[in-house]
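Here is a brief report on one protein chain.

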Amino acid sequence: MIPSPNVPLKEHPNPYFERKSYLSLNGPWDFEITKSPKRPSSYSKEIIVPFAVETKASGIGQRVNKDDYLHYRRTVHIPDEMEGDILLLHFTFVDQIAEVYFNGRLLGKHEGGYLPFCFEIPEYEKENLLEVIVKDDTDSSIYPRGKQSNRPKGIWYTPTSGIYGPVYLESIPKAGHINKILISPHFNRKQFEVKLGLVGKKGEAKITLLHNGKIVSSTLIEKDQDGEYVTTVSAKDEKGECFPYSPESPELYDFEISYQDDVVYSHAGLRKYQAKTLGKFHVISINGKPTFVSALLDQGYWEDSGLTPMSYEDYEKDIHLAKKMGFNCLRKHIKLEIPRFYYLADKAGMLISQDFVNGGAKYKSWLIVLAPFFKLPIRDSMHRLLGRKEEKSRRFYLDCVKPTIEYLYNSASLFMWSPFNEGWGQFDSVSVTSMVSVIDSNRLIDSSSGWFDMGCGDFKSRHVYFRRARLHNDKVRILSLSEYGGYSMKVKGHMASKKTFGYKYFSSPEKLLKGLRKLFHKDIVGNIKRAGLSMAVLTQLSDVEGEVNGLVTFDRKVVKVESKYVRELNIEAKKAFDDKFT
């Protein structure tokens, strides 16, 4: 296969753990779909990695059955500068079960479609054969699936199969390397706690902290055995000043960490996210300041490329459109992004509310229909009813909690986690919420977004569509309208489906704007003044397939309401909050 000069997403995908010894393996791969796990002797197709098989961008555009095997193959040429080192082969996302072979030898197997994985390659040639075999059962009750459905319509979308995140190589010295960097900000002490995983010979690891290219401080760790090491690094410069991170002032610190000739770069922000008590209400506080969070639901789908952006500029455009409209947060809904998305959000000062990915057995249709309108006497110990009767399904979710948190741990903008959404595969929320808070005490938790609230977490979190949102503050937790709106407008020539879905339809931009103004004034400003609302999430940033309730079309070519008018609404909401709480 001749390498293509047009490599999609060729930049390093993970600015939180980045080495300069980097080789992207994105681009054209040999491809075949068969009914056998046996590796084919020949390949009749070519696929563009890292786009899912179902997408137009992949060059395949074909649905995958649960008894299909997806076969990927490419030649890997090792650059001179990597020779002699150990290679690390990284996969960002592969849905759902992957076996990886290198020069005919099985490197390993990975299950689940929403977390990265990596294999060490100690021995290799100048020219090497990389093969990946993938199997995907979208309806599996064990693995997370997000919004994927074999019967896509409404709020459920086309499946995603195979490799759909960047694939790349890094090299590490044989003497030793860094395998983990977790950075915790201690805002009041003006320092960072750094946890390093170190593997290899005895020696020194050095952590250098920089701000705007200038060294702020540095510290040394003396390694005597393999394992994790914890130290603190001062965030104060030679003048004793530090640079807090906030949406209004997105200051980032850069980390350079070296050990045994292995050098890894990362980033973090000095910030403090907490619930703050003001009188009888609890509100979101950033660095001690009460903050109204106005968010857009962001499902991260693109018309031609599904769950994967065509370029990192796609990420930037979405983030900056939301910022231009006056939103200070994106609720990343039921998916994880490539790490570069979070870094771009960090730089833009765009807060991120991050959902865990749902799974479990097929959800009860009657439950989904009734839950928005009635307070149902349902507990999340009812595992069968909420799709989690299988112990293996619950265990797989729990096994993903810590890796999910550590995957995004160093993001400055990520300020809260949502373990469950609308009861989809929800179970044992109290223990899950406790588990999340132990692993990550630096962020807030919306335990059960929507309904089936078990009284835990930092938020009383409601979803309200179809009617006015008249909220009640329990005066125990932060009040959040974590989904509302869903106002829809079809744009001729920019719809992905003839069958459309929305909560309330408008026939023109003028009527849509009028509806949004009324919605903000009554449901957002009204609930801020009356009930102490601290967060609101408007559905949604973009149309997705047949769901046409985005502020921008699925192809991102038409913004349905001028940004300045939406910004005015957000300014009004922020003023109402500030008048009440500051």
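## Around I524

This is a predicted model. Beyond its neighbours within four places in sequence, I524 touches F292, L481, Y484, L519, L533, A536 and A573. Together with F415, I524 has the most contacts inside the largest nonpolar core. That core has 106 residues. Helix α6, residues 509-531, gives it its largest share, 9 residues.

| Nonpolar core | Size | Named members |
|---|---|---|
| Largest core | 106 residues | F415 and I524, those with the most contacts inside it |

## The whole chain

The protein chain has 7 helices and 34 strands. Along the principal axes, the C-alpha atoms fill a box of roughly 65 × 60 × 45 Å.

How much of the protein chain is made up of buried residues? The share is 61% of the 582 residues. Among contacts with a separation of 6 or more, 68% join residues 24 or more positions apart.

## Surface and charge

The protein chain exposes about 23600 Å². Carbon and sulfur atoms supply 50% of that area. The protein chain carries 84 positive and 73 negative side chains. The centres of these two sets are 9 Å apart.

Notes. Residues numbered from 1 in each chain as written. Predicted model: local features only at pLDDT ≥ 70, side-chain atom pairs only at ≥ 80, totals over all residues. Heavy atoms only, no water. Helix = DSSP H or I, 4+ residues; strand = E, 2+ residues; numbered from the N terminus. Buried < 20%, exposed > 50% of the residue type's maximum accessible area, 1.4 Å probe, protein only. Contact = heavy atoms within 4.5 Å. Areas by Shrake-Rupley, 256 points an atom, 1.4 Å probe, with all protein chains shown as cover. Lys, Arg positive; Asp, Glu negative; His and termini not counted. Charge placed at Lys NZ, Arg CZ, Asp CG, Glu CD. Core = buried A, V, L, I, M, F, W, Y, C linked by side-chain atoms within 4.5 Å.
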